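Biologist: Could you take me through this structure? I have not looked at it before.

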Amino acid sequence: MSIADPRRAALLLWWLCATSGAVDAAQGPHLGRPASPELIAAWNLSVYPDGRGLPPGQGTAAQGRAIYRDRCARCHGADGEGGSGGTLVGRGSLHDPDPDQTVGNYWPFATTLFDFIRRSMPMDAPATLSNDEIYAVSAYLLYLNRIIGADDRLDADSLPRIRMPNRDGFIGIDADLPRPPPGP
């Protein structure tokens, strides 16, 4: 048996680590620092379908148009029609032969749109938009998908009340969502 044998190499590595004190489970690797309650609260950005977790702020599609043009259009197209970042606006149905999954025909909750933009967008600078900018961009995308009007104001109260076209297309896992009856 040679050192090239994977079992022998693994045993040798384990023995070296165990005898050198390099691995001490009680001490850990000494990376990072414990998260304080304040740090945890700052990173707890969860937004739920019923609106829990939405921050203060507001925006309209009219306000979101310029923000979208400056921060989103490069990846998603001038009117959300697609690009390297994917299609956000579409007129098709999920029942079409090869449907696009867009904000208007796929996403079940408008709050999910806010949550995704807040955490992940713009892709080159995630989490850099203010709450007002996120509400405005969300409103603009909902407007482009013909779900709200150009002057409809989105905020923590109005956003969860929007009924998305595909609201009933998913089975909820959140305890507050209705569940389908048990199968046969």
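Biologist: What covers the buried residues of H3?
Modeller: The cover includes strand S1 (58–60), helix H4 (73–76) and helix H6 (131–144). Helices (H or I, at least four residues) and strands (E, at least two) are DSSP runs, numbered from the N terminus. Contact means heavy atoms within 4.5 Å.

Biologist: Before we go on, what kind of model is this?
Modeller: This is a predicted model, in which local features need pLDDT of at least 70 and side-chain atom pairs count only at pLDDT 80 or more, while totals for chains, interfaces and linings use all residues. Residues are numbered from 1 along each chain as its sequence is written, and side-chain values use heavy atoms, with hydrogens and water left out.

Biologist: Which residues of H3 are buried?
Modeller: In helix H3 (residues 61–71), they are Ala 61, Gly 64, Ile 67 and Tyr 68. Buried means under 20% relative accessible area, exposed over 50%, and partly exposed in between (1.4 Å probe, protein chains only).

Biologist: Why do they line one face of the helix?
Modeller: Seen down the axis of H3, the buried residues fall within an arc of 115°, so they line one face. The arc is that of the directions from the helix axis to the C-beta atoms. In general, an α-helix has 3.6 residues a turn, so residues three or four places apart point the same way.

Biologist: And what does the face turned away carry?
Modeller: That face of H3 carries the exposed residues Arg 69 and Asp 70.

Biologist: Changing topic, how many aromatic pairs are there?
Modeller: The count comes to four. Rings of Phe, Tyr and Trp (its six-membered ring) pair if their centres lie within 6.5 Å; planes under 30 degrees apart count as stacked, over 60 as edge-to-face and the rest as tilted. One of the pairs is Tyr 68 with Tyr 140, which is tilted, at 5.4 Å centre to centre and 50° between the planes.

Biologist: Where do those two residues sit?
Modeller: Tyr 68 is in helix H3 and Tyr 140 in helix H6, so the pair links distant parts of the chain, 72 residues apart. Tyr 68 counts as buried because its relative accessibility is 1%, and Tyr 140 counts as buried at 4%.

Biologist: What about Phe 114 and Tyr 135?
Modeller: Their ring centres are 4.6 Å apart and their planes at 40°, so this pair is tilted. Phe 114 lies in helix H5 (residues 110–120) and Tyr 135 in helix H6, so the pair ties together parts 21 residues apart in sequence. Both residues are buried.
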